[in-house]
Amino acid sequence: MPMLLIKGFYDVKGSQPDGDTVAFTPDDPAEWDLVGGGLGRAVEHSATGRAKLRLDAIDALETHYGANRVHQPLQFAHAARDELLSWIGFTAVQREGENVIATTPDTVPGFVLTRGTDVHGRCIALAGRGASPGDSGREIDVDPALLRTTLNHHMVTAGLTYPTFYRSLFTSLRAELATTAEAARTAGRGLWPSDVTLSGVKVTGLSSLTDDAVLLPKLFRRLVDYLNLGTLPLTCFPAFLAGVGDRFSILSTGERCVGLHRVVETTNGGTVRMTHSPEDLLFEDS
């Protein structure tokens, strides 16, 4: 799978990294212009070239979602964030709340492999550390062996992020991450022993999601958005999901769907669960 390689460094001071988002600056900021945003969006970056990376194919528990900055259980949200920074090479991180105010060292060299941007102008990337595997500003072939050297793969191996696949990711890379996620789940690593995505969470209010339930972040975000609408009964949640209209395929059946209500079950008792594992879903790029 050809992906654009960009060399640079990680510098997280003044940012709020989490388990799937981190700041990166190319050695040559002009190389951001080479990133082909599939939706015609350029990489948003500062005058010095610093931009947010959105790590491809993974989703970590939220540390600060939406206008009200709600979070998922912080034991795992912070564990993912801390593992990300440690793997990159930051040995000491000082914070005020979620904001990083100092690190040791100040910056860490690395590289990204990318094919585009997301709706927010973030570079969707596989993230690497140390010496790059090729020339910056050029496309290289990315196979499962190279994927295994990336931060994305490491976070799935550690069981600290959910696999969340989009159609732009090549099939062999997706299969590697799905196998890795299943191995982490079977071994009981990271968040998996606490995961209730398939078994279900009883939704009694926002605190039942922020403090207790470890579940797929995409479902968490949809539930939070729904609860923020007011005191609607949970029985209306499937209609809300249909209206949001997430587009995806179920890999095990080949079925193409519009709306997560196709794979989310809501009971009269207030329990919400997904009927398919995260790695069985393939979302359309948006």
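Q: Where does Asp 82 fall: buried, partly exposed or exposed?
A: Asp 82 is partly exposed, at 34% relative accessibility. The cut-offs are under 20% relative accessible area for buried and over 50% for exposed, with partly exposed in between, using a 1.4 Å probe and protein chains only.

Q: What kind of model is this, and how are the residues numbered?
A: It is a predicted model, where local features need pLDDT of at least 70 and side-chain atom pairs count only at pLDDT 80 or more, while totals for chains, interfaces and linings use all residues. Numbering starts from 1 along each chain as its sequence is written, and side-chain values use heavy atoms, with hydrogens and water left out.

Q: Back to Asp 82. Which side chain does it meet in a salt bridge?
A: Arg 81, at 2.9 Å from N to O. A salt bridge here is a side-chain nitrogen of Lys or Arg within 4 Å of a carboxyl oxygen of Asp or Glu. Arg 81 itself is buried, with a relative accessible area of 6%.

Q: How many salt bridges does the structure hold?
A: The count is 18.

Q: What does Arg 167 pair with?
A: Arg 167 forms a salt bridge with Glu 284, and their closest N and O atoms are 3.0 Å apart. This pair links distant parts of the chain, 117 residues apart: Arg 167 is in the loop between strand E11 (165-166) and helix H4 (171-187), and Glu 284 is in the segment after strand E17 (281-283). Helices (H or I, at least four residues) and strands (E, at least two) are DSSP runs, numbered from the N terminus.

Q: How many residues of H6 are buried?
A: Nine of the 11, so H6 is largely enclosed by the rest of the structure. Among the buried ones are Lys 218, Phe 220, Arg 221 and Tyr 226. Arg 221 also belongs to a network of salt bridges with Asp 20, Arg 54, Asp 59 and Glu 62.

Q: Switching to the hydrophobic side. Which residues touch the most other members of the largest nonpolar core?
A: Trp 32, Leu 53, Ile 88 and Leu 113, out of 47 residues. There is a second, separate core of 36 residues, which includes Leu 209, Ala 213, Leu 234 and Met 274. A nonpolar core is a set of buried Ala, Val, Leu, Ile, Met, Phe, Trp, Tyr and Cys residues joined through side-chain atoms within 4.5 Å.

Q: What is Trp 32 in contact with?
A: Leaving aside neighbours within four places in sequence, the contacts of Trp 32 include Ile 6, Phe 24, Val 43, Leu 53 and Cys 123. Contact means heavy atoms within 4.5 Å.

Q: Where is Gly 8 found, and what is it in contact with?
A: Gly 8 is in strand E1 (residues 2-10) and is buried at 7%. Beyond neighbours within four places in sequence, its contacts include Phe 24, Pro 26, Val 108 and Gly 110.

Q: What about phi at Ala 57?
A: Ala 57 has a positive phi of about 75° although it is not a glycine. Its place is the loop between strand E3 (51-55) and strand E4 (58-59), and Ala 57 is buried at 3%.

Q: Last one: what is the strand order in the open sheet of three strands?
A: E12-E16-E15, with antiparallel pairing. Strands E12 (201-202) and E15 (264-266) stand at the edges with a single partner strand each, so one side of each is left without a neighbour in the sheet. E15 is joined by three bridges to E16 (residues 271-274), and Val 264 stands opposite Met 274 in E16. Two strands pair if DSSP finds at least two bridges between them.
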